[in-house]
Amino acid sequence: MNPLPTYLPSKLYLSSPTYRLVGKGKVHNTSGDLLHYRPLPDGHLKVSVDVVLDKDALLPIPDIVSETTLLRDAIGSFVAWPLDLIFIDDEVFAQGSQQLSQKIGSRQKNKRDLPVKYLPKKGAFVPRYQISLETLVDSSDMATAGAIRLLDMEEDIFGYSCTETIGKEDLEHIFRHQELGVGVIHTYIRFLYDNFMRGNDQLSNRFRFVSSSLVNKALICREPDSCREYLVKRFMASSTNNLYLWPYNSGCHWLLLAIDPLKEVVYFLNSIDGEWTNYPDMKQLVDTSIKVFRSQRQARVPRTKSSNITWIKVQCPLQRNGIDCGYFVMRFMREIINMNQIEIPITYFDEYKCAHYTRLQLEQIKEELCQYFIEKRLISI
C-alpha cells in the first residue's frame with residue numbers, strides 16, 4: 001500500500017462571481033481541525049496557498065490573523081477553503097478523497113466513510129467531480145437515507161413546469177455505476193437545456209423533450225388517454241420541424257425515441273439491439289398520437305402513408321451489460337443535440353459511430369452530471 005501523504009496538492013476554485021480556478025495549494029489533512037488556534041468552519045478544510053492564478057480573487061473567509069482579504073496576500077499561509085471548491089491533483093486523488101472523507105467524518109457524527117478508491121495510474125482518467133460530489137454528499141444531510149433535493153424544471157423543458165426529486169439513492173447509483181432512475185435522466189436533460197440550448201434559438205427551437213414521468217410503460221398501460229393527450233399537446237407546440245427526444249422506460253430498460261411529428265418519422269435508438277415490435281404499447285401510443293396531431297393540424301398526407309408512420313431503427317452503439325442503458329440514452333441525447341440535425345442517419349453519426357461506448361465515454365457523462373450538481377449547489381454542507 002502506498003504511504004498516505006501529510007498534505008494533498010490541490011486546485012482551489014471559487015464559485016462567485018463566476019466558477020473558476022483561482023489558485024493552487026495543499027490540503028493539510030494531518031494537522032488537526034484548528035486554524036490559527038480556532039476550529040475550522042463547518043464544510044471547510046485547512047489549505048496552504050502556493051500559487052495564485054487570479055490576482056483579484058478574494059479569500060472565501062478573510063484571514064483573522066493578518067486581516068487579509070485577497071488570495072494573493074495569503075501565499076505561504078494557511079486559510080480555510082470550502083470543501084466543494086477543492087479538487088485534488090491526480091497523483092494523490094484517490095488517497096485524498098478517502099482522507100477528506102475521514103477528516104469530515106471526524107468532525108461530524110453518524111457519517112460513513114467513503115469506500116477506498118484505487119490509486120490511478122499516471123495519465124489515467126480520474127473522476128474529479130464524482131469523487132468531489134461523493135465527498136460532499138458524505139458530509140451533508142444527504143448522507144442519511146431518504147434525503148432528497150428538488151430541482152426546478154421550467155416549462156420550456158417538458159412543456160409544463162414541475163419539480164424533479166433527486167434522492168440519495170439516485171446519487172449512489174451514479175457513484176456505483178448502477179441502473180439509473182428518472183430523476184437522474186431528467187437532471188441530465190436539464191443540464192443539456194442549460195448548457196446547450198438556453199440562449200441558443202436554433203437549438204432550443206429544433207429540439208424538445210418528452211417527460212419520462214408523464215409517459216412510461218406503467219402509465220401507458222394504466223392511463224393511455226392522458227399519455228396520448230400529453231404527447232399531442234407537445235407536438236402541437238411545433239412551429240417548425242422539431243425533434244422530440246423521449247427517454248422511454250419499459251420498466252426495466254431505457255431506450256431513446258427521437259420523434260419528428262411533422263415528417264411523421266420516429267427514430268428508434270436501443271442499446272440492446274431490440275426491435276420496436278418488442279414494445280407494442282409504446283409503438284401504438286406514438287402512432288396514435290402522431291395521427292391525432294395530423295388530424296388536429298388538418299394536414300393532408302398521401303393515401304399510401306395515411307395509416308403508416310415511418311419508424312427507423314438506428315444502428316447506434318450497443319451496451320455490453322445489463323446496467324448501462326440509462327448512460328447510453330444520456331449520451332445519445334447529447335450527441336444528437338451536438339450534431340444539430342433533425343435527421344439521424346440509419347448508421348448513426350459518423351463523428352460518434354462505434355460498436356460500443358467505452359467506459360471512459362460513459363464516465364464523461366457522469367462527470368458532467370456531478371459537475372452540474374456541484375455548480376448548481378444542490379448539495380451543500
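Residues are numbered from 1 along each chain as its sequence is written, and side-chain values use heavy atoms, with hydrogens and water left out. In this predicted model, local features need pLDDT of at least 70 and side-chain atom pairs count only at pLDDT 80 or more, while totals for chains, interfaces and linings use all residues.

**View A. Lys55 and Asp56 form a salt bridge.** A salt bridge is a side-chain nitrogen of Lys or Arg within 4 Å of a carboxyl oxygen of Asp or Glu. By this rule the count is 23 salt bridges. The N to O distance for Lys55 and Asp56 is 3.5 Å. Lys55 is exposed, at 56% relative accessible area (buried means under 20%, exposed over 50%, partly exposed in between; 1.4 Å probe, protein chains only).

**View B. Arg190 and Asp194 pair within helix α5.** Their side chains meet in a salt bridge of 2.8 Å, N to O. The two residues are 4 apart in helix α5 (residues 182–197), which separates them by about one helical turn. Helices (H or I, at least four residues) are DSSP runs, numbered from the N terminus. Arg190 is buried at 8% relative accessible area, and Asp194 is buried at 19%.

**View C. Lys217 and Asp281 form a salt bridge.** Their closest N and O atoms are 3.2 Å apart. Lys217 lies in helix α7 (residues 217–222) and Asp281 in helix α9 (residues 280–296), so the pair ties together parts that are 64 residues apart in sequence. Lys217 is partly exposed at 30% relative accessibility, and Asp281 is partly exposed at 31%.

**View D. Salt bridges link Glu134, Lys168, Glu172 and Arg176 in a network.**
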